[in-house]
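Let us walk through this protein step by step.

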Amino acid sequence: MESLPDALVHYILSKINNAKDLAICNCVSQRWKEAMPYLNRLFFPRNVFDNLSHGKTPDEIVSQIISSTINLEELVVYCPFSSIGLASWLCCAGHSLKHLELRMDSIVSYQASTETPSKLELLRSACNLESLKLWGVVMVQSPRWDIFHKLTNLEIVGASLRDHTLSEALRACPNLIQLVLLGCEGLMYVSVENPYLEQCKLDFFGAGDCFLTLKSSKLKSLEVQGCGVIRLPETQHLKSLSISNNAGQISMVELGKLVALEKLSMRGVQWSWDAISGMLQMASEVKHLYMKVEFTGDTGNLQPFPEIDFVDFFNSHPKLETLEIHGAMFAALCQKNSLKNVDSKFSIPSLEKVVITVRSPLNAEQKMSTLESLLNYTRSLKKMTIKILQMKSSHSSADDFFEYVCRLRFMNRNIVCIE
């Protein structure tokens, strides 16, 4: 090792970012110790200071390591720390940091959430950040951030927020390209207006009745969970869209043109039929479609789905390559009338993979007719997976259904799979 050039030693050590491992490397030789200031990444795991035997606090140890670096670009801290400690670190390395990830613990610690100045407020010292990720945040008051002109990635996981504080935080990040908010509670009216935003993932805790308005002409991918009303006026570049609500009803989805949409996922307990049918009509160019919605109807009034015409559905989505459909929505596609008098020229040109989840043996003949139609009219079908989920074997129609399915599997063994 002593014969290696300094540049190569620095490169090898730069691949080590765990603080505990770096402390061990620091004791190997004087040459390795002298190379430590050139490290540009540091990671402090959750339990790194669990067995401290001397008088120094974790804050002091982290400060000592950070202050020994010349140009620290990435800092990840999962171990507990105080506002005083954070202020010290950012005073030393704030201007050089590009990537910062902190486990704040404010959401489970009252003391941490009431420190003055708050940890959130101190982050403005890292003015050149390009990526910021925060875990366990309480942001019920203004974060008092200056403008992060270079910040393109913001991720907040497990947070208690308020509408106005989130809006202030987003205004301080005008050049965001990626936004991730996971496990966030306390929000009712969420407005996101970041013109450069391309990737967005939002997951809100609560009753599932949030109102979301998102405006970005460059948006390419969006995942939303926990909103009842969604407005997306600018969707011309949107390629992937996933909307779900596990707690409440999705009553309204207003979208711009979906000319570029390739992947669409709709999930939840209850959607209004207008929201479902409107999205399916607009997503005529979609290639990958996932549908798992249990009921339609108004709030508090659960209703089954109306009939979905089999031929019209596939004629309206000619580019569909993969389809995954569950339970009640598959049953709506199995209406017998939609398969009467099918035009001899009808075909499903692009479909290659189908995954169907069946939960009830009712109307077994209609369901089998739909499965057979998929096999007969699809020119490029490579795999059909039929998943049987939570079906009661004691039901009087169960034997007939399984007999039909097993016969279908036997006749199309190269394509059909039963799970």
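**Overall form**

The protein has a radius of gyration of 27 Å, whereas a compact globule of 419 residues would have one near 22 Å. This radius is taken over C-alpha atoms, and the globule rule is 2.2 Å times the number of residues to the power 0.38. The C-alpha atoms fill a box of roughly 85 × 50 × 40 Å, taken along the principal axes.

A word on the source. This is a predicted model, in which local features need pLDDT of at least 70 and side-chain atom pairs count only at pLDDT 80 or more, while totals for chains, interfaces and linings use all residues. Residues are numbered from 1 along each chain as its sequence is written, and side-chain values use heavy atoms, with hydrogens and water left out.

The protein has 13 helices and 19 strands. Both are DSSP runs numbered from the N terminus: helices are H or I with at least four residues, strands are E with at least two. Now look at contacts, meaning heavy atoms within 4.5 Å. Of the contacts with a separation of 6 or more, 54% are between residues 24 or more positions apart.

**Surface and interior**

The accessible surface comes to about 20,600 Å², and 50% of it belongs to carbon and sulfur atoms. Such areas come from the Shrake-Rupley method with a 1.4 Å probe; for residues, only the protein chains shown count as cover. Buried residues make up 45% of the 419 residues. Buried means under 20% relative accessible area, exposed means over 50%, and partly exposed lies in between (1.4 Å probe, protein chains only).

Ala19 is buried, with a relative accessible area of 7%. Beyond its neighbours within four places in sequence, Ala19 is in contact with Phe43 and Phe44. Ala19 and Val62 are 43 residues apart in sequence, yet 8.7 Å apart in space, C-alpha to C-alpha.

**Salt bridges**

How many salt bridges does the structure hold? The structure holds eight. A salt bridge is a side-chain nitrogen of Lys or Arg within 4 Å of a carboxyl oxygen of Asp or Glu.

One of them joins Glu121 and Arg144 (3.8 Å, N to O). The pair links distant parts of the chain, 23 residues apart: Glu121 sits in helix H7 (residues 119–122), and Arg144 in the loop between strand S4 (131–139) and strand S5 (153–161). Glu121 is buried at 16%, whereas Arg144 is exposed at 53%.

Another joins Lys319 and Glu285 (2.6 Å, N to O). Lys319 lies in the loop between helix H10 (310–315) and strand S16 (322–326), and Glu285 in the loop between helix H9 (273–282) and strand S15 (288–295), 34 residues apart. Lys319 is partly exposed at 39%, and Glu285 is partly exposed at 29%.

Arg359 and Glu294 also meet in a salt bridge (3.6 Å, N to O). Arg359 lies in the loop between strand S17 (353–358) and helix H12 (364–377), and Glu294 in strand S15, so the pair ties together parts that are 65 residues apart in sequence. Arg359 is partly exposed at 35%; Glu294 is partly exposed at 24%. Finally, salt bridges that share partners join Glu121, Arg124 and Arg144 into one network.
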